[in-house]
Amino acid sequence: MDTRFFWMLPIYVMLIGLAPMPYGYYNILKIVVCGCSIFYAYHLSEKEDKTFAWVFGFFAVLYNPIIPIYLYDKQIWIVVNIITGLVFFWKRNSIEEK
C-alpha cells in the first residue's frame with residue numbers, strides 16, 4: 001500500500017484551510033486529519049513507537065468531527081495546523097512497510 005496518501009492529504013487540506021474557507025470545509029479538514037491520525041496512531045503503536053502513537057492519538061481527538069474542540073481563534077488553529085503538518089511530514093517514513 002502506498003502510504004504517501006496518509007501524510008500528504010492532511011498537509012494539503014490544512015494548507016488550503018489557511019485561506020478563508022466556508023465552515024463546511026473545516027469539517028472535511030477535521031474528518032481527513034482525524035482519519036489519517038488514527039491510521040498513523042495504529043501503525044506506530046504496532047511498530048512500538050508509543051510516544052508518537054499517543055501524539056497522533058491526540059491529533060485524532062483534537063481534530064475529531066463528532067465532538068469538536070473549539071479554540072475560538074483562527075490564529076491558534078493556524079499554529080496548531082502547522083505543528084500537525086510538520087509532525088505528519090516528520091513521521092512520513094515511519095509507517096512504510098518493508
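Predicted model: local features only at pLDDT ≥ 70, side-chain atom pairs only at ≥ 80, totals over all residues.
Residues are numbered from 1 along each chain, and side-chain values use heavy atoms, without hydrogens or water.

Stay with Lys-91. It lies in the segment after H4. Lys-91 counts as buried because its relative accessibility is 13%, and buried means under 20% (1.4 Å probe, protein chains only). Not counting residues up to four places away in sequence, Lys-91 touches Tyr-40, Asp-49, Phe-52 and Phe-56; touching means heavy atoms within 4.5 Å.

Now look at the core. The largest nonpolar core has 27 residues. Such a core is a set of buried Ala, Val, Leu, Ile, Met, Phe, Trp, Tyr and Cys residues joined through side-chain atoms within 4.5 Å. Among those with the most contacts inside it are Val-33, Tyr-40, Phe-56 and Phe-88. Helices H1 (4–16), H2 (23–46), H3 (50–62) and H4 (74–90) each give two or more residues. Helices here are DSSP runs of H or I, at least four residues long. H2 gives the largest share, 10 residues.

How do H2 and H4 pack, at what angle and how far apart? The angle is about 35°, and the axes, lines fitted to C-alpha atoms over the stretch in contact, are 13 Å apart. H2 contributes Tyr-26, Val-33, Cys-36, Ser-37 and Tyr-40 to the contact, while H4 contributes Lys-74, Thr-84 and Phe-88.

Methods: Buried < 20%, exposed > 50% of the residue type's maximum accessible area, 1.4 Å probe, protein only. Axes fitted to C-alpha atoms, helices over the stretch in contact; angles between N-to-C directions.
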